[in-house]
Amino acid sequence: MDNTQNTAMSTNQKWVLASMSSGFLLENMDVMFLSFSLSEIIAQMHISAAAGGLIGTFTNLGMFFGGALFGLLGDRIGRVKTFSYTIFIFAIATGLTYFAHDINMLYALRFLAGIGAGGEYGVGIALIAENFESSQIGRASSVAAIGGQIGSIVAALLAAWIIPKYGWNTLFLFGIVPVVLTYFVRRHVKESDEFLQAHQKAQETHEKISFSRLFATPHLALQTLGLMVMTIIQIAGYFGLMNWLPSIVQQKQGLSVSGSSYWMIATIVGMSIGMMVFGTVMDKIGPRWAFGIFLLGSAVVVFAIVNVTSYWAMLFAGALTGFFSNGMFGGYGAVISQLYPTEIRSTANNLIMNTGRAIGGFSSVIIGLLMDHYNLYVVMGFLSALYIISFLVMITLPGLKQIQAAKNQAKA
């Protein structure tokens with residue numbers, strides 16, 4: 001398949017992109033339900049900010065285990081079957097959260113929801129990578145990631161309407177909706193020829209599908225560990241910002257849940273624009289330039305938001321923060337998919353990204369502790385420093401250098 005001259009998508013490409021975008025939409029809607037409910041949960045259950053932050057951490061730990069399990073299954077039994085299983089699990093767990101009336105039950109259900117959500121990412125990104133040309137993966141994965149941001153907007157609107165009238169538990173009943181998506185995925189999305197051929201070859205040669213293949217050589221080990229560090233920081237920044245900024249804005253501007261929801265919509269719109277810009281920059285001039293611009297931009301705007309005082313300036317600052325801090329999210333899957341062979345692609349995507357989620361998810365707890373004891377300058381300074389660290393790691397990764405060199409050679 002050569003789409004370098006023909007930009008029209010095939011029917012299967014459209015179904016893949018629509019299904020993956022919908023899956024990420026529904027997953028992100030679930031994650032944001034927690035963000036908008038967090039203040040109410042803390043007050044109703046009489047727990048500390050740190051204990052509240054731990055709810056998101058349990059979700060991310062579940063994502064790590066689910067990612068590891070379903071990443072391997074995606075490479076062994078196929079992307080489409082595995083993707084539909086993951087959707088079903090996180091949808092049921094989210095719906096059951098309606099009945100969670102103590103913190104331990106909530107921890108357990110968020111862990112289960114995380115198992116399903118964690119498995120979805122790598123399998124979905126692998127499907128995209130195997131149905132689009134390498135010169136299109138950045139934009140295609142960004143389009144799918146934008147689906148996640150639409151889910152955040154839906155969650156914000158639902159939160160503004162439901163929480164004041166019916167309470168935070170009711171919000172999670174909408175998490176059952178993704179079950180419907182499994183029907184369309186199994187009916188319309190097909191495995192790619194690239195995967196089927198790689199899968200058959202792996203069976204014939206008895207190639208082992210395991211985590212050890214991601215660390216088989218010093219070069220691969222350095223690449224895998226470096227990407228894990230970058231995703232840890234990406235997730236730490238994302239969950240730190242999305243879980244706590246609504247509460248920060250409520251305190252700083254004296255806003256209601258409804259008011260902070262509108263601020264979050266501005267942030268999410270900024271994220272969506274950032275994703276499209278990042279995907280285009282990555283496909284045009286390479287990942288090192290794209291990540292470099294966005295990581296340094298994140299370090300600046302995250303810290304600068306502390307000095308914003310007016311409501312309208314806060315809306316603009318939120319959009320700018322979202323543009324840089326989460327614009328690069330889709331790029332990780334695009335890069336990982338190009339750096340690892342087809343037969344271990346979903347394993348690589350899920351293990352790397354969900355290691356980031358499991359460890360980076362502790363940022364919710366850390367920021368909760370910082371908010372309990374320090375001012376906002378310390379909190380945002382912590383996040384800003386993380387993006388600088390990620391930039392320093394990024395410029396050392398040999399795999400990114402190779403992709404960038406190939407991109408430069410193709411342009412010459």
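Helix α13 (residues 329-339) is mostly covered, with 10 of its 11 residues buried, where buried means under 20% relative accessible area with a 1.4 Å probe and protein chains only. Helices here are DSSP runs of H or I with at least four residues, numbered from the N terminus. The model is predicted, so local features need pLDDT of at least 70 and side-chain atom pairs count only at pLDDT 80 or more, while totals for chains, interfaces and linings use all residues. Residues are numbered from 1 along each chain as its sequence is written, and side-chain values use heavy atoms, leaving out hydrogens and water.

**Inside α13**
- The buried residues of α13 are F329, G330, G331, Y332, G333, A334, V335, I336, S337 and L339.

**How α1 meets α3**
- The axes of α1 (residues 11-45) and α3 (residues 79-96) come within 11 Å and cross at roughly 25°; these axes are lines fitted to C-alpha atoms over the stretch in contact, with angles from 0 to 180 degrees between N-to-C directions.
- That makes α1 roughly parallel to α3, a label for angles under 35 degrees.
- From α1, the contact (heavy atoms within 4.5 Å) takes in S19, M20, G23, L26, E27 and D30, and from α3 it takes in F83, F90 and T94.
- By type, the residues of this contact are four nonpolar, three polar and two charged, with Gly counted among the polar ones.

**A loop residue to look at**
- H46 sits in the loop between α1 and α2 (49-77).
- Its phi is near 55°, a positive value in a residue other than glycine.
- Most residues other than glycine have a negative phi.
- H46 counts as exposed, at 70% relative accessibility, the cut-off being over 50%.

Conventions:
Helix = DSSP H or I, 4+ residues; strand = E, 2+ residues; numbered from the N terminus. Parallel < 35°, antiparallel > 145°, perpendicular 65-115°, else oblique.
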